[in-house]
Amino acid sequence: MFQTKPIKAHTRKTAEIPEEALSILRKGFFAYLGTAEPGCDPHLTAMFFVWDDESESIYMVSTRKSRKVVNIRRNTRVCVTVDERDPKSPAGNCGVMIQGRAQLVEMEIADNLVMNEFLSKYMHFLGPGYPMGSRIAIQVKPRKISFWMGANFSLWKAHKV
Amino acid sequence: MQSYKIMTVVSEVPKRKQRKWIYEEIVDKIPPFRWLPPTWDVVAQLFLVEAVGIFASIYFQMPFEAVIIGSLIIGYTVIWSAGCLYVIPSMRRLRNPTNEQELRVLQEYKDDLLLNRFNELAVGSLCFIGVIAYAFWDPAFLQHFLGPGFGNPLLFVLVLVLAWDVSYRMGLSFVTTLFAARRSIALSYAARRRRGLEYTAYSEVRTLRFLDSVNLYWGATAVVLIPVATHSPLLLMGLLAYLAVILGLSVISFLAMETVPWFPPDVESILHNEKFSYVGLCSKGQSHVTPVIFVYDGKYIYVGISVASAKYRIVKKNPKVSILVDMRDPINPMRNRAVMIRGKAMVLGEISPLGIIRMYIYGLWMLRVRSLFSKKYPRYMKYYDREQDLPLAWQNKAFISRVMVRIKPERITYWREAKPRTLRV
């Protein structure tokens, strides 16, 4: 009756990235990128992103001098969250949290297909004069993906290379 | 209007010569004080005046009571002067609000305190005349203290100087408290008419509140004078009335300052209206981002989390938190706005010795925050309350499975159309 240690929500461990998580990553419009500043001070930004199935990684585009890029140069461990909001009930909330290593990729050598996909996803809003010159792509390779739908959690971990 | 443009702001242009308080001016000119650091000025003042007083009491063979009473009066002036050490530096530290109307209010307040001597002199003189008139009307009062020396012109001058010193200080602290109350009311009026990103940073509001507390300290030091006035009901009544007025004005000022919002209206509207936020944590260099529900009570941001979650584990180790709230524009996502607030987190509602102490201190406020939660997220709260097949960690068993995290804002970043802008807190 007097339960001191709460019963945790059950977490499934999966070998593959769950299909629902992938569908959220394909559908989602905003990603929230968390980087760490020196002294373990978290920094958060809302970003446009695109999920690339082939390399199993997330691509984002940012400006060279922005805070997140500066942070990533120092500490590559980042966290990206994409979720679907349900204002009615938390049972309908689902989302994906990806923790992994970020890599800065110069625009010239970034995967053209992915960048085209990025532009076509957000072209409607970025406008024709989107300056690609001062930009830099961020590629995040997931090491750990947690996915939740209501109170159901599942966790995927990358195999150690 | 014209005058504000000509007179520049205190903190920006060091026209210190013009903007000195009378106390500083006197201390700067008289030799023994000029050479001493400000803290020692006060001590030196105490010893000097006290020595004169004791010498006079021995010379004129005053009763012992008079020595104590005189020391109390000197004590009053010295304790009062100690307050000056804090006022001027914090006044210079004040930085400008971005709201023009609030800027004008603060400007006027500074000018009244630092430039305009007329008010304090007027009130001080009124006090002085009152005291002197009373001494002439009821000579027995002075005679009681002064003993055989009563009637000596030298002693009379000494008493006059002391009376002026006390009256001037009382007048000055009355005037400063009055100005503070007027400034607080004007500021809260102006603050409620802010637009866009105009605001007064909270550090400024805190400085102003500190100034108010010094005013209250000055007013309250008059308590020291109560034993002096016990012999005459009239003086006692006057003193008590004075204390009551100071206390009332301070309370008014405090309440008015409480209504000044902490953030500019653009930020406040996002925090009040948006339902989803993302909380970022960091453990061992790895950040952790999760969506949470939150409420904003005008000062702090509260987040409800479960004790079984990773968030709870991380926040216990590293209380540095950043929370991002964004407002999505349904038509064009480039016009989204977002606020990121960074600060220290405090966990409320735990069952642990520290948690229970905190619950005792913040208990009522936690109930209020809980009601804010159920007002903002009625369906969520119902779900957490009623749904029985949820894991226990998710259920809304207050104090067992869910805790509240209070985030104290330290830095704010505001994005509009993908352009960040940092605001001071």
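Visitor: What percentage of the 425 residues in chain B are buried?

Guide: This is a predicted model, in which local features need pLDDT of at least 70, side-chain atom pairs count only at pLDDT 80 or more, and totals for chains, interfaces and linings use all residues. Residues are numbered from 1 along each chain as its sequence is written, while chains are lettered from A and ligands numbered from 1 in the order in which they are written. A residue is buried if 20 or more other C-beta atoms, placed from the backbone, lie within 10 Å of its own. In chain B, the buried share is 34%.

Visitor: How are α7(B) and α9(B) oriented to each other, parallel, antiparallel, perpendicular or oblique?

Guide: Two packed helices are described by the angle between their axes and the distance between the axes. Helices here are DSSP runs of H or I with at least four residues, and axes are lines fitted to C-alpha atoms over the stretch in contact, with angles from 0 to 180 degrees between N-to-C directions. The axes of α7 (residues 118-137) and α9 (residues 153-191) of chain B come within 7 Å and cross at roughly 135°. Because angles under 35 degrees count as roughly parallel, over 145 as roughly antiparallel and 65 to 115 as roughly perpendicular, with the rest oblique, α7(B) is oblique to α9(B).

Visitor: Which residue of β5(A) is the bridge partner of Phe49(A)?

Guide: Strands are DSSP runs of E with at least two residues, and two of them pair if DSSP finds at least two bridges between them. Strands β4 (residues 49-52) and β5 (residues 57-63) of chain A pair in the antiparallel sense over four bridges. Four residues lie between these strands in the hairpin, where Glu56(A) takes a positive phi near 50°. The partner of Phe49(A) in β5(A) is Met60(A).

Visitor: How many helices and strands are there in chain B?

Guide: Chain B holds 16 helices and seven strands.

Conventions: A residue is buried if 20 or more other C-beta atoms lie within 10 Å of its own, exposed if 12 or fewer, and partly exposed in between; C-beta atoms are placed from the backbone.
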